[in-house]
Amino acid sequence: MEKELTKIIFSIISLLVTSGCFGYLNYSILEKFDAISYSSNFSDEKKLVILFFSGLNFFLYLWINTYFGTSQKGIVITIGIVLLFDILGTVIIICPLIAFGKFTLNLIRSGLLGKSKIDTRSTRDFVFNSDKYQRVYIFDFDNKLIAAGWLDYQQASSNNYFDISLMPLDEPETDIDFQLITKYASKTESRVLVDFEKQVKLYIIRES
């Protein structure tokens with residue numbers, strides 16, 4: 001009786017872990033690959049995505065478990081296979097499928113409907129997401145320099161907090177003029193990020 005009770009409890013815990021926590025694992029992996037990304041403004045969509053992957057994991061658990069049985073060894077093997085799928089399958093299968101789905105959707109929107117392409121990334125992630133060296137000049141709304149430097153690290157925008165780490169430039173800050181920066185930025189590959197909440201303007205100049 002005690003052995004049967006232990007098996008039941010172990011099965012229930014396994015189902016809860018597989019159908020819930022592993023859905024967050026899928027989402028986290030996809031987010032790291034920029035396959036999906038939802039800011040605080042898209043919290044409902046994020047919940048739906050996690051719920052979908054939780055249901056997918058639950059289905060996989062039930063399906064695979066029919067081959068290995070409900071013994072403790074069978075459950076451990078089943079969880080291991082589902083976990084392996086969550087890691088490798090998400091990268092090899094789900095990421096390309098999402099990329100193809102985005103491409104198809106944007107092709108329909110831009111080609112047939114005449115609408116802009118969709119992108120769920122936050123503005124900060126969109127601007128800073130580059131493998132090139134980036135010089136950052138930060139001005140307030142009065143065009144006064146706050147800081148300048150090479151971009152070292154940018155805080156992820158998912159936590160709704162914004163800070164960046166900069167490495168000093170060779171040029172002294174006294175030689176940095178707003179008009180010169182805007183003129184130079186217009187002739188190079190650059191982006192301008194305007195943060196109305198903190199009342200700052202960031203000129204991001206990308207170097208090849």
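**Contacts and composition**

I began with the contacts in the protein chain that have a separation of 6 or more: 57% of them join residues 24 or more positions apart. The model is a predicted one. I then looked up burial and found that 32% of the 208 residues are buried. For secondary structure I noted five helices and five strands. Read from the N terminus, the order of the elements is α-α-α-α-β-β-β-α-β-β.

**Nonpolar core**

Which residues make up the largest nonpolar core? I listed eleven: Tyr 27, Leu 30, Ala 35, Ile 36, Tyr 38, Val 49, Ile 50, Phe 53, Ile 94, Cys 95 and Ile 98. Helix H1 (2–32), helix H2 (43–68) and helix H3 (72–112) each supply at least two residues of this core. With its neighbours within four places in sequence left aside, Phe 53 is in contact with Gly 23, Asn 26, Leu 30 and Ile 94.

**H2 against H3**

I checked how H2 and H3 pack. Their axes come within 9 Å and cross at roughly 135 degrees, so H2 is oblique to H3. The crossing is right-handed. On the H2 side the contact is made by Phe 53, Leu 56, Asn 57, Leu 60, Tyr 61, Ile 64, Asn 65 and Phe 68. The H3 side contributes Gly 74, Ile 75, Ile 77, Thr 78, Ile 79, Ile 81, Val 82, Phe 85, Asp 86 and Ile 94.

Is Tyr 67 buried or exposed? Its relative accessible area is 61%, and exposed means over 50%, so Tyr 67 is exposed. From Tyr 67 to Thr 78 I noted eleven residues in sequence and 8.9 Å in space, C-alpha to C-alpha.

**The sheet**

Next I traced the strands. Five of them form an open sheet in the order E3-E2-E1-E5-E4, with antiparallel pairing. Why is one side of E3 and of E4 left without a neighbour in the sheet? Strand E3 (164–167) and strand E4 (190–195) stand at the edges and have a single partner strand each, so one side of each has no neighbour there. From one strand to the next the twist averages 35 degrees.

I then went through the pairs.

- E2 and E3 run antiparallel and are joined by four bridges; Gln 154 stands opposite Ile 164 in E3.
- E1 and strand E2 (residues 145–154) run antiparallel, with five bridges between them; Ile 138 stands opposite Ala 147 in E2.
- E4 and strand E5 (residues 200–207) pair in the antiparallel sense over six bridges; the bridge partner of Asp 195 in E5 is Val 200.

E1 and E2 form a hairpin with four residues between them. In its turn I noted Asn 143, which has a positive phi of about 65 degrees.

**H5 on the sheet**

Last, I asked which strands helix H5 lies across. Helix H5 (residues 178–185) lies across strand E1 (133–140), E4 and E5. H5 runs at about 45 degrees to E5. Of these strands, E4 is an edge strand, and E5 stands between E1 and E4 in the sheet order.

Key
Residues numbered from 1 in each chain as written. Predicted model: local features only at pLDDT ≥ 70, side-chain atom pairs only at ≥ 80, totals over all residues. Heavy atoms only, no water. Pairing = 2+ DSSP bridges. Axes fitted to C-alpha atoms, helices over the stretch in contact; angles between N-to-C directions. Contact = heavy atoms within 4.5 Å. Core = buried A, V, L, I, M, F, W, Y, C linked by side-chain atoms within 4.5 Å. Buried < 20%, exposed > 50% of the residue type's maximum accessible area, 1.4 Å probe, protein only. Parallel < 35°, antiparallel > 145°, perpendicular 65-115°, else oblique. Left-handed = near helix turned anticlockwise from the far one by under 90°.
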